[in-house]
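Hello,

Here is the structure we talked about. Please open it first, then read the notes below.

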Number of protein chains: 2
Amino acid sequence: MIYELYYWPTIQGRGELVRLALEEAGAEYVDVARQPQGVAALMRLMRGEEGSEGGIPPFAPPFLRVRGEDAIIAQTAAILRFLGPRLGLSPKGEDAETARALVDQLQLTVSDAIAEAHEVHHPIAASLYYEDQKVEAKRRAKHFVAERIPKYLDYFARVLGDKEWLTGALTYADLSLFQLLAGLSYAFPRATAKAPASLVRLHDRVKARPRIAAYLASARRLPFNEQGIFRHYPELDEG
Amino acid sequence: MIYELYYWPTIQGRGELVRLALEEAGAEYVDVARQPQGVAALMRLMRGEEGSEGGIPPFAPPFLRVRGEDAIIAQTAAILRFLGPRLGLSPKGEDAETARALVDQLQLTVSDAIAEAHEVHHPIAASLYYEDQKVEAKRRAKHFVAERIPKYLDYFARVLGDKEWLTGALTYADLSLFQLLAGLSYAFPRATAKAPASLVRLHDRVKARPRIAAYLASARRLPFNEQGIFRHYPELDEG
């Protein structure tokens, strides 16, 4: 089975949550938009010009196609929910519906935190440059740093407790939490320095997994940058 | 089977998407926080003081419990994903995993639109009053009205095409789209007056379904108000 991931080619963004799951599982996949003519292929699918027998074009990247199948699945949490049991990264079988819902719920909470991290530098409009909403961003960042980062991290630390992984066994939600922690550390190093020690250990455990470590050291892992979701603007990381 | 829904008792909010699914299916459920001592029960579960054998307390309402079972499922999209096949509001069975993912993806896109509708009046912090972020809200609203509402509505109209429902058969994503349209019409009547006719017809089809019509006419349906997600502030509905 070969997966095709479609995501913007120059940023980690939300696509990274899918990449981490595919990499941890050692799945065969193509990061389509990073191949020649890949962005054009992404745009064609998004415009509904091809693909998708079900007739549901994606609203935005990331989206996933199983090579040889028609359906295109968009929305990070839906993609991960779909991939989870196939990749061994969430519970399998009809009787595990509730267990999968709990992983889903954690993933959606990580996704909410990631969305807020983007809102910090774009509090007015995604269509404007950061420079055009800097004043508002600075005001929002104060609240994000003082209220929201601690709230999310304390929650995940409470869920984790003294377990190794959020739900006991490793799931895609742990990989996504790793990415949230990595991103917050990059964008808000001062604020994130106070992250609960148990979460730092989870982050380090994910980072040390052989396939993840190999991925992070490879050219497939794009660096964080100031076009992505997690941006390091020192003026937003103040107290 | 009796479902317990936990959500803030005075607003429609995200809980409304779950209510609509339960109502359309004629499911037996208790809107716990609207019962005597219900908010206290909600708070106990959220603090992890009781419930949840899986040990995953919810981050925020809404959350759902099947009476007699331990697990608490939070996050609107995860709740709906869980309820969908049980309520006949999304495809059933192991071979319908892809079909469910498409419903999931549509739901998550409706959820994104709803989250943005909230960000419009709270662009700086959820912890501040609207009055304390009115200037920024007005600036954000201009973009929401001119760019985001049309983008979302055009997308859903494209998915709907000339079908009766988004994926052919009625699912919870159609009910959620109804709620998005109702909410936008309440909060941004001027901007929403230009909604595609096909979406208005979908809205009206949902509204006319016997159980939904009975629900909307009942005291169980809370009115829109200015504590909820969709708030009518005329100054935010300008061009």
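Which residue of chain B forms a salt bridge with Arg140(A)? The partner is Glu119(B), with the closest N and O atoms 2.6 Å apart. A salt bridge here is a side-chain nitrogen of Lys or Arg within 4 Å of a carboxyl oxygen of Asp or Glu. The rule finds 4 salt bridges across the interface of chain B and chain A.

First, some ground rules. This is a predicted model, where local features need pLDDT of at least 70, side-chain atom pairs count only at pLDDT 80 or more, and totals for chains, interfaces and linings use all residues. Residues are numbered from 1 along each chain as its sequence is written, chains are lettered from A in the order in which they are written, and side-chain values use heavy atoms, without hydrogens and water.

Now the interface. In chain B, 50 residues are in contact (heavy atoms within 4.5 Å) with 50 residues of chain A. The buried area is about 4400 Å², and carbon and sulfur atoms give 60% of that. Buried area is the accessible area (1.4 Å probe) that two parts lose on being put together, summed over both.

Next, the sheet in chain A. It is open, has 4 strands in the order E2-E1-E3-E4, and its pairing is mixed. Strands are DSSP runs of at least two residues, numbered from the N terminus. Two strands pair if DSSP finds at least two bridges between them. The edge strands are E2 (28-31) and E4 (72-74) of chain A. Strands E1 (residues 2-6) and E3 (residues 63-66) of chain A pair in the antiparallel sense over 4 bridges. Tyr6(A) has Phe63(A) as its bridge partner in E3(A).

Best wishes
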